[in-house]
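Please look over the structure shown below.

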Amino acid sequence: MKKASRIFSLILLCTLMLLMTACGGKKFSHGTISGTTYTSKYIGLKASFDSDSIIFTDETLARGNGISDMSDKNIRKAFEKDGSISEMIVITTAGDTVDITVHDRKTLGLPDEEEYFETAKQHLAEENIFASIGTVDFLGKSTRSIEYSMTILGDTSYDLLIPIFKDDYVVIVSFSSAQKDNIKPLINRFKAY
């Protein structure tokens, strides 16, 4: 009888652990940088940049995120403290930038995907930045995006944001350039992984 009770308790414990894991969603995992190639199994993408591009190292990203390294443990600390991390930053020789920022939606109280785009557009409008919501071909499929431009001291910057919703996170892949025509080639550097 004791043996049957222990087996039942073990089965119940395993079932509870399985349910807790399924309900919590997967935890974000930092991608890898090799030379000027960034790969993220978690996000499901890979991007390669020209050899003269500057891609921030893990050490630089960690410093910017206020943590000692980009380990899963320290990334969780950053999410608990600030709700967001810089995951990848690239500066091309033309001065264009590509960055990936990850936001913990629960920590920051961000809306779900359906509400996100209008909320972001409204927030930008409050800053006198007028954005449009559209779609771009990203990772081989039509993907919703937010596009806007800003002029500061006579210099115009064109920006395109692609939010990716995964588990408890929204991953923002951002493209910025002084030349609007430079955005599409930057987007095309990303491939599904």
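Which residues are exposed on the other side of helix 2? This is a predicted model, in which local features need pLDDT of at least 70, side-chain atom pairs count only at pLDDT 80 or more, and totals for chains, interfaces and linings use all residues. Residues are numbered from 1 along each chain as its sequence is written, and side-chain values use heavy atoms, with hydrogens and water left out.

**Helix 2**
- L61, A62 and N65 are buried in helix 2, residues 58–65 (buried means under 20% relative accessible area, exposed over 50%, partly exposed in between, with a 1.4 Å probe and protein chains only).
- These residues lie on the same side of helix 2 because they cover an arc of only 100° around the axis, taken from the directions from the helix axis to the C-beta atoms.
- E59, R63 and G64 are the exposed residues on the other side of helix 2.
- G66 follows helix 2 and has a positive phi, near 75°.
- Helices (H or I, at least four residues) and strands (E, at least two) are DSSP runs, numbered from the N terminus.

**Hairpin**
- Strand 7 (residues 132–138) and strand 8 (residues 141–152) run antiparallel and are joined by 7 bridges; two strands pair if DSSP finds at least two bridges between them.
- T135 stands opposite R144 in strand 8.
- The hairpin of strand 7 and strand 8 has 2 residues between the strands, and L139 in the turn has a positive phi of about 60°.

**Lining of the largest pocket**
- Helix 5 gives the largest share of this lining, 5 residues.
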